[in-house]
Amino acid sequence: MDEGQGADVRYIVQLGDIHAGSTLSVMPESFLTTDGNPVGQNKLQKAIWSHWLKMRAWLTERIGGEPYAVILMGDMIEGKHHRTQQIWTESPSEQIEAACQVLEPVCEPARAVFGIRGTECHVGQDRESVVYYRMGVGLSSDGRYHGEHHLRLRVGSHLFSAAHHIGATSRSYLEASGLGIAMGAEMLEAMMGDESVADVYLRAHRHRYGYFANSSAALCVSPAWQALTNHGHKVVTGARVEVGCVLWDVSDRNKLPTHEAFIARPVKRQTVCIGG
Ligand SMILES: [Fe+2]
Ligand SMILES: [Fe+2]
């Protein structure tokens, strides 16, 4: 993949963790399985879908016809992890098809699409690559079709460094620490590896928008498009659900790129009342 490939874009969309196939994530309004069975959206998915449509309208309005690239941040399909029953299909091809139907309106008009490899227990060794291939992601740096574990993308004078994973935490009051740690660690690794040091770091995986910047670099985590699964309730018990994406403006080649986040909350925890 060429450094400089995205140099002619004004915007970059950072979008990930759609987990197609999950009963708790974004899915098309109506879907036909391989054998022709219709599958619709449950109540939560209807709420998530309405925010997905709002996000698409928000992107269209903000981008305003300017050239843009999309970085798909991984976890495009749910797979069948931890023996979950919270999927509407086990079929990889149906999960892939659903992901493509959801993503296509965002990716099709883009000048370039890049794919980051998600978590293996969701996306397998190579299943996600089919989504990326169909969304127009080019050959990976090793000449094969699959997402990159680590994408270093030169955009004008800026170097973006995108990877899926970052530590998650159930201690939300400490979540900013993880952002600074991830950014500082990678800057140090790049220096020790005698590589150019990126100034924008993109991450996903923790399903929670986050942004940390200092005077020379910034790190941003994209939100997800999935509510808490049973497994999620175990590992991040108190987490509230947010969905969304991040839009980077890279038009000013001399300043750290700026970003806006689209964030919505499709579900709120219910309170049970007894007595007066
Ligand atoms: Fe995820
Ligand atoms: Fe992940």
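Two strands are taken to pair if DSSP finds at least two bridges between them.

The mean pLDDT of the protein is 93, and 97% of the residues reach 70 or more. Over residues 1-6, however, the pLDDT is below 50, and this stretch has 12 contacts in the model beyond near neighbours in sequence. Where pLDDT is low, the predicted coordinates should not be read in detail.

The secondary structure consists of 6 helices and 12 strands. Along the principal axes, the C-alpha atoms fill a box of roughly 60 × 50 × 35 Å. Buried residues account for 43% of the 276 residues. Of the contacts between residues at least 6 apart in sequence, 71% join residues at least 24 apart.

Strands of a sheet pair through backbone hydrogen bonds, either parallel or antiparallel. In this protein an open sheet is formed by 5 strands in the order S5-S4-S1-S11-S12, with mixed pairing. At its edges lie strand S5 (112-115) and strand S12 (258-264), each of which pairs on one side only. From one strand to the next, the twist averages 20°.

At one end of this order, strand S4 (residues 68-72) and S5 are paired in the parallel sense over 4 bridges. Ala 69 has Ala 112 in S5 as its bridge partner. The residues of S5 point to two sides: Ala 112 and Phe 114 point one way, Val 113 and Gly 115 point the other way, and all are buried.

Strand S4 also contains Val 70. This residue counts as buried because it has 27 C-beta neighbours inside 10 Å, where 20 or more are required. Leaving aside residues up to four places away in sequence, Val 70 touches Val 13, Leu 15, Val 106, Cys 107, Ala 110 and Val 113. The C-alpha atom of Val 70 is separated by 9.3 Å from that of Leu 247, although the two residues are 177 residues apart along the chain.

A contrasting case is Asn 37, placed in the loop between S2 and strand S3 (38-40). Asn 37 has 10 C-beta neighbours inside 10 Å and therefore counts as exposed, the limit for that class being 12 or fewer. Between Asn 37 and Gly 143, which are 106 residues apart along the chain, the C-alpha separation is 37 Å.

Two helices can be described together with S4 and S5. The buried residues of helix H2 (92-107) are Glu 94, Gln 95, Ile 96, Glu 97, Ala 98, Ala 99, Val 102, Leu 103, Val 106 and Cys 107. These residues pack against strand S1 (11-15), strand S2 (30-32), helix H1 (43-63), S4, S5 and H4. Val 106 and Cys 107, both on the list of buried residues of H2, are also among the residues that Val 70 touches. H2 has a kink of about 30° at Gln 101, shortly before the proline Pro 105.

Helix H4 (residues 127-134) is mostly covered, with 6 of its 8 residues buried. The buried residues are Arg 127, Glu 128, Ser 129, Val 130, Val 131 and Tyr 132. Their cover includes S4, H2, S5 and helix H3 (120-123). After H4 comes Gly 136, which has a positive phi, near 90°.

S9 and S10 form a hairpin, with 4 residues between the two strands. Within strand S10 (residues 218-221), Ala 218 and Cys 220 point one way and Leu 219 and Val 221 the other way, and all are buried.

Methods. Residues numbered from 1 in each chain as written. Chains lettered and ligands numbered in written order. Predicted model: local features only at pLDDT ≥ 70, side-chain atom pairs only at ≥ 80, totals over all residues. Axes fitted to C-alpha atoms, helices over the stretch in contact; angles between N-to-C directions. Contact = placed C-beta atoms within 7 Å. Bend = angle between axes of the 7 residues up to and from the residue. pLDDT = per-residue confidence, 0-100.
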